[in-house]
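Colleague: I would like to learn how to read sheets, helices and surface patches in a model. Could we go through some cases one by one?

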Amino acid sequence: MTYQKPNFRHPLAPTNNLGLSRREYEGALSTLCAGCGHDSISNAIITACFENSIEPHKVAKLSGIGCSSKTPTYFLGNSHGFNTVHGRMPSVTTGANMANRDLTYIGVSGDGDSASIGLGQFAHVVRRNLNMLYIVENNGCYGLTKGQNSATTDLGSISKSGNANKFSPIDLCNLSMQLGATFVARSFSGDKDQLVPLIKAAMSHRGFAFIDVISPCVTFNNNPGSKKSYDFVREHQEATSNIDFVPMQQEITTQYDAGTTQEVTLHDGSVIHLHKPIDGFDIHNPRTAMRAMKDHQERDEILTGLLYVDTDPVDLHDVINTNSKPLNSLTKEELCPGNKTLQSINESLR
Amino acid sequence: MTTPDTMVQHYHEVVDCQYACPAHTPVPEYIRLIAEGRYTDSYMLNWESNVFPGVLGRVCDRPCEPACRRGRLQEEPVAICRLKRVASDFKDDIQSRLPKIPEEKNGKRIALIGAGPASLTVARDLMPLGYEITVIDEQQKGGGMIRSQIPSFRLPDTVIDEEVGYILDMGVDTRFGEEVTSLKSILDEKFDAVFIGTGAPRGRNLEIPGRYDAEDHIHIGVEWLANVSFKHTNSIGEKVVILGGGNTAMDCCRTARRLGGKEVTVTVRSPFAEMKASPWEIEDAQHEGIPVLDNHVPVQFHCEDGKLNAIEFQLVRAEYDAKGKRSLIPTGEDNVIIECTDVIVAVGQENSFPWIERDIGIEFNDWDMPEVDKITYRTSHKKVFVAGDAAWGPENIITAVAQAHQAAISIDLFCNGKRLSSRPGPNWTLVSQKMGIHEWSYQNNVVDDERYAVPLIATDKALADLSVEVELGFDANLALQEAHRCFSCDAQTVFNASKCIECDACIDICPTDCLTMTHYDPSVDDVGDLRQRLTGPAANNEQPIYVSGSLPDTGRVMVKDENVCVHCGLCAERCPTAAWDMQKLLYTEAQAGDSCQK
């Protein structure tokens with residue numbers, strides 16, 4: 001008779017290094033369709049932030065328009081949020097990031113918001129290597145307007161009305177690598193074992209981290225013949241490797257077999273462990289990733305996992321040499337250094 | 001793997017309160033009926049299962065409450081017992097809803113010895129089937145220990161008269177005021193079966209020096225309570241010491257307060273925390289200004305010329321060996337002497353069967369108790385059945401009722417010439433509660449309210465009159481609020497593995513982390529290991545784990561730790577394929593007639 005989440009939680013539920021319980025990272029109850037992949041992604045974000053002991057007030061979540069872009073309401077209820085204009089999340093995030101570089105930025109977008117109306121903005125935020133996590137919740141259809149094909153609908157994918165898609169899809173992972181993204185991954189909403197460590201690693205990455213998460217639309221794109229249904233993705237998913245993430249402050253306790261595990265140390269000292277990578281795959285070489293993705297695509301398979309990472313990236317702040325402190329922490333003296341400083345600048349330009 | 005035929009048992013265990021109740025009363029269902037204002041329906045559901053809702057709603061030992069799931073998530077469980085009283089207090093006339101008693105009898109005559117809860121339950125179960133029942137009791141009224149041992153400030157006579165009356169008015173032949181001195185003579189009356197429901201009537205004595213030097217002032221608890229109840233005793237001295245820490249001791253001390261005891265003290269041998277009395281009964285006694293002194297071992301009565309002056313105690317502390325066995329070690333401090341005018345010894349009860357001849361085919365065990373079968377409640381004499389405290393020593397009313405239901409089944413089977421081992425199974429239904437989107441036909445919202453206290457009468461008024469009931473009971477509003485605290489654990493989360501698309505929605509939404517999808521093969525993997533790798537810690541091994549069949553896509557299984565599920569229904573709400581559904585289990589134990597008449 002009601003639709004409210006009870007306030008009780010598991011009495012033995014753990015707390016993280018900040019002493020916070022998972023509940024502090026939850027948001028409002030979702031109003032998306034029951035079984036929507038997006039809700040699983042929201043949960044993966046909650047888990048990643050909780051386990052990484054990220055202070056909720058140091059996260060900003062931004063989104064555009066669409067089912068995916070509604071989801072920031074459903075996670076991190078104690079964080080900053082900005083639900084922007086359709087396809088314009090990247091520019092708002094860029095502005096926010098330039099003003100306050102100390103926050104962790106999570107941008108949530110969908111295939112319509114990023115690959116159609118927002119493709120231009122997407123391209124530029126990638127090439128600028130803005131320090132953020134950009135998640136596309138990719139369901140291959142316009143779920144909010146009854147499931148029309150989107151720009152990421154796979155060629156030949158059958159819609160709920162029974163028609164095969166005739167247009168070539170935009171592969172956002174491939175595109176972002178071409179545009180110089182420094183962390184690229186693909187995952188599946190139904191595979192939290194993979195998605196949660198990817199999100200954790202992406203948040204630790206300094207630079208633009210892109211995760212394309214295939215997220216089935218249960219209402220409009222989960223039918224037989226769809227290439228983004230739960231069944232199809234489960235049957236056709238192959239991971240580049242199994243992934244584990246160990247944050248910087250944590251001691252590595254697990255023993256890994258040297259022959260089959262690759263370690264990737266991120267800029268902040270965190271370590272990604274990649275187990276049993278597929279043959280010939282080089283995580284640091286975008287060309288092998290692009291080739292492997294293409295190969296899999298031709299075989300109607302979906303390559304998931306971490307596709308590419310640059311462990312020493314140069315982000316937008318480095319490039320344009322911004323102030324090391326957030327603008328809101330600058331004093332009047334720093335912002336208006338006075339006539340003497342102005343004169344010396346003028347002098348240097350003569 | 002949890003298979004379909006074991007599911008009802010699993011779901012029954014999930015309803016913690018009902019499972020813990022010896023009679024398996026459908027607790028969440030009757031609480032729901034109270035919340036709906038259907039007090040009479042609620043009463044009848046209780047009556048069918050536990051026979052004495054008005055009595056039990058006041059004095060039940062309530063094993064349901066420590067089991068209540070809310071007690072694992074909040075300080076206090078739902079006030080189940082006191083809600084039962086609400087059904088009794090607010091019901092309409094139930095005469096028309098009582099079972100019809102056949103005019104034409106089935107020709108079988110049954111004797112019930114003792115008129116306490118066990119015997120009355122057997123009568124209630126067998127009368128509607130056409131049996132001719134004769135109840136024999138030494139007292140003038142029915143009720144047994146309910147009447148003789150429970151003081152009226154906790155349980156008014158009117159309530160006993162009413163509920164005993166429902167049964168006796170079915171046409172039971174009563175031989176009250178008749179003390180049975182020979183079982184053989186009863187058997188000689190050619191009854192088709194004889195049921196012994198005589199309880200544990202004898203209070204245990206305490207043989208210490210001075211015990212017999214002031215007989216008029218040293219009383220045995222249950223005998224003294226019976227004398228008060230039947231108005232043979234109506235006063236006591238001003239300074240009273242109660243020996244013992246059980247519920248009888250609590251009744252004695254509170255009764256003594258009302259009969260003239262100004263300084264009433266309870267002393268127990270054990271540490272306070274190990275007292276046998278229910279915590280709420282200790283609280284009630286303390287509320288009336290009665291101190292409880294623990295670690296006091298009585299060693300001697302001080303008497304003079306037939307008058308009691310004081311009682312002497314040795315002080316001890318409890319020590320435990322490696323096996324947890326307790327011994328009481330004297331502390332070496334000086335003995336304590338408490339001045340008193342009267343002492344009431346309430347240190348336990350015993351069975352007593354001097355009236356059963358040892359040569360009529362009933363085997364007795366080493367404790368001089370008749371050998372009774374744990375399932376059929378029959379002795380080694382094929383016509384003689386025993387249940388309640390008479391069977392295995394003092395328990396409580398609800399246990400006696402539950403056992404008596406089983407004895408009645410056995411008597412019915414026996415009188416119909418059927419095997420006592422072919423016992424009828426429980427009756428149950430499992431029905432979906434889905435009404436529509438966001439709509440369930442049970443109350444699925446989970447309130448945070450703490451337990452509501454039952455209003456009490458002012459202590460000075462309570463102490464002034466032995467017959468004034470201390471608890472006023474919930475009013476309709478408080479009852480509604482308390483009823484809303486029930487999680488509705490009978491609304492089961494029923495899972496259909498073949499419909500699951502493994503979208504994780506249920507796991508994501510579950511507020512108390514009950515659900516996990518994982519690989520598990522019951523033929524290879526260990527359940528203990530499975531408990532270790534669930535979403536939420538599954539540390540309560542007393543609570544069952546549900547394991548589904550293989551899921552279609554990945555071959556994983558759905559696992560649910562039932563321990564802290566609040567039955568909010570969100571898993572079913574968020575399931576896109578209705579693989580989860582909320583289905584109400586209504587489970588009732590079989591009763592006499594279920595196997596023979598149907």
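Modeller: Start with B:Ile110, which stands opposite B:Ala193 in E4(B). The model is a predicted one.

Colleague: How many bridges join strand E1 of chain B to strand E4 of chain B?

Modeller: Two strands count as a pair if at least two bridges are found between them. Here four bridges link E1 (residues 109-113) with E4 (residues 193-196) in chain B, and the two run parallel.

Colleague: What is the order of the strands in the open sheet of chain B?

Modeller: Read across the five strands: E3-E2-E1-E4-E16, with parallel pairing. In chain B, strand E3 (173-176) and strand E16 (384-386) have a single partner strand each, so one side of each lacks a neighbour in the sheet. From one strand to the next, the twist averages 20°.

Colleague: Which strands stand at the edges of the eight-stranded sheet in chain A?

Modeller: The order in chain A is E2-E1-E3-E4-E8-E7-E13-E9, an open sheet with mixed pairing. Its edges are strand E2 (80-83) and strand E9 (237-239), because each has a single partner strand. Direction ignored, neighbouring strands are turned by 20° against each other on average.

Colleague: How do E4 and E8 of chain A run?

Modeller: They run parallel: seven bridges join E4 (residues 132-138) to E8 (residues 208-214) in chain A. Within this pairing, A:Asn138 is opposite A:Ile214 in E8(A).

Colleague: Which strands does helix H1 of chain A touch?

Modeller: Helix H1 (residues 37-51) of chain A packs on the sheet and touches strand E3 (104-110), E4 and E8 of chain A. The direction of H1 makes about 155° with that of E4(A). Helix H7 (residues 192-204) of chain A also packs on the sheet, with strand E7 (183-188) and strand E13 (302-309) among the strands it touches, and its direction makes about 160° with that of E7(A).

Colleague: How many residues of helix H3 in chain B are buried?

Modeller: Buried means under 20% relative accessible area. Eight of the nine residues of H3 (residues 27-35) of chain B are buried, including B:Tyr30 and B:Arg32. The buried residues pack against several elements of chain B, among them helix H4 (39-50) and strand E24 (580-588). Just after H3(B) comes B:Gly37, with a positive phi of about 80°.

Colleague: Which residues form the nonpolar patch on the surface of chain A?

Modeller: A:Val314, A:Val319 and A:Ile320 form it, and together they have about 280 Å² of accessible area. A:Ile320 belongs to helix H10 (residues 316-320) of chain A. Its relative accessibility is 47%, so A:Ile320 counts as partly exposed.

Key
Residues numbered from 1 in each chain as written. Chains lettered and ligands numbered in written order. Predicted model: local features only at pLDDT ≥ 70, side-chain atom pairs only at ≥ 80, totals over all residues. Heavy atoms only, no water. Patch = residues over 30% accessible without salt bridge, like charges linked within 9 Å, V, L, I, M, F, W, Y side chains within 5 Å. Areas by Shrake-Rupley, 256 points an atom, 1.4 Å probe, with all protein chains shown as cover. Salt bridge = Lys/Arg side-chain N within 4 Å of Asp/Glu carboxyl O. Buried < 20%, exposed > 50% of the residue type's maximum accessible area, 1.4 Å probe, protein only. Axes fitted to C-alpha atoms, helices over the stretch in contact; angles between N-to-C directions. Contact = heavy atoms within 4.5 Å.
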